Every structure is written in structure tokens, then in C-alpha cells.
Amino acid sequence: MNVLIVFAHPESESLNGSLKELAVDVLNDERHQVQVSDLYAMNWKAVLDKDDFPERMDKELFNPIAEQLNAVENDNIALDIKREMDKVLWADVIIFQFPIWWSNFPALLKGGIDRVFYNGFAFNVVEMKLYNEGLLKCKKGMLSFTTGASRELYTDKGPHGDIEVLVKYFNHLLFEFVGMDATYFAIFGPGEMSEEERENELDRFEEIIRNLP
């Protein structure tokens, strides 16, 4: 398989960094091909704006969705975005590795999705190629994340709500929207864990990576 890991944590020595490195080692050991997009190390531009479209279709009114489709159709995609698109096309599986911040993706990862999953590339609103007909429907996805809070806080009776609801939101509006199937892996409250508990979680992650579809 070809596996793309999109890594979004500002500290390479973090638990997220360890998960990313473990995934790379295991996938290489299993003789898969791996690429990593380390968004912080790349100094990735997070904000989708007019500068992403140097040859705009409409110079009076900025419509990002329309400009994305125009850029795809005319091969006028900004180089940093095109490089990441090429990785997505290459990949059979895409793993997003990140911490949950404010019950969502870090801004840099959200910006990665905003700027790479173009209309005309990942989906097409004009031709209604969404969900089951999404343009990335032959690929698999995986959300791998850590939370600062413990598992108990992410239950239906906990203050943050059921983690399954949050994951369903992520999956439906990201992976499912562009046609991909997805799974997830989570480590809850690692700061409260013993070293043995963290090692057990890493072992659990390793087993999942070894058995990726």
C-alpha cells in the first residue's frame, strides 16, 4: 500500500510525534510505501485566501469553491497545494495524526483540508460527486488523535459529550463527503497515564497499523 501520514502537532517529541514515528516504522517493516506531510515542519500556510489563486476566474468577487474548480480545470493550482494533492492521489490510505484542541482539528490541519481537498479534486459540487460518488472514493482514511481529557469526559454523560458523536461529525463531513471509508484511533488523557499505560496504548496502535486495510 501507499500510505500518506498528515501530521499536525507542533512538537515532534510529543505522543503524537511518537505515534507518527511508530506508524512510519511499522509500515516500512510491512513493506508499504510511506510519505509524511509534517504541516508544522513544512511551515504550511493554513488560510485559504485569494493568494491561493494567482489566475482568478473572477477578479471582482472571490468565490473559493468556484475558483478551486477553475484552477483544477485549467491546471492553475498553487505549487504547495499541488504537491499535497499529488500525495493524496498517490495514497491508498491517508492517516491524519493530531491532538484534539477545542473539540476539533488544530487550525493548521483544518487549513490543510481547506486548501487541498478542492472542489473538482476531492469532490465536485457542479456534478454532485459527493459522498458515495466523491472523487476519493477508492481511498481509505484514518483519524488518529489524542485528547487532553480522560475517556470519562468523552462519554454521553460526560461534559464533552460522546466521542463517537465527534468522530461521526469528523468522518461524515470529511472522509464520507469525498467518498472515503474511515476508521479512528484515540488515546484519552495521556498526561494522566503511567508509562506502562502509554506503552500499552502504543502497542494497541501498532497492532492497528499492522492490520490496515
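**Note on helix H3 and strand E1**

1. The buried residues of H3 (residues 79-90) are covered by parts that include E1, E2, E3 and helix H4 (107-116), where contact means heavy atoms within 4.5 Å. Helices (H or I, at least four residues) and strands (E, at least two) are DSSP runs, numbered from the N terminus. This is a predicted model, in which local features need pLDDT of at least 70, side-chain atom pairs count only at pLDDT 80 or more, and totals for chains, interfaces and linings use all residues. Residues are numbered from 1 along each chain as its sequence is written, and side-chain values use heavy atoms, with hydrogens and water left out.

2. In H3, the residues Ile81, Glu84, Met85, Lys87 and Val88 are buried (under 20% relative accessible area, with exposed being over 50% and partly exposed in between; 1.4 Å probe, protein chains only). They lie on the same side of H3, because they cover an arc of only 155° around the axis, taken from the directions from the helix axis to the C-beta atoms. On the other side of H3, Leu79, Arg83 and Leu89 are exposed.

3. Strand E1 (residues 2-7) has six of its six residues buried, so it is largely enclosed by the rest of the structure. Asn2, Leu4 and Val6 point one way from E1, while Val3, Ile5 and Phe7 point the other way.

4. E1 pairs in the parallel sense with strand E2 (residues 33-38) over six bridges, and also in the parallel sense with strand E3 (residues 93-99) over five bridges; pairing requires that DSSP finds at least two bridges between two strands. Val6 stands opposite Ser37 in E2, and Phe7 opposite Gln97 in E3.

Note on methods
The expected span of a helix is 1.5 Å times one less than its number of residues.
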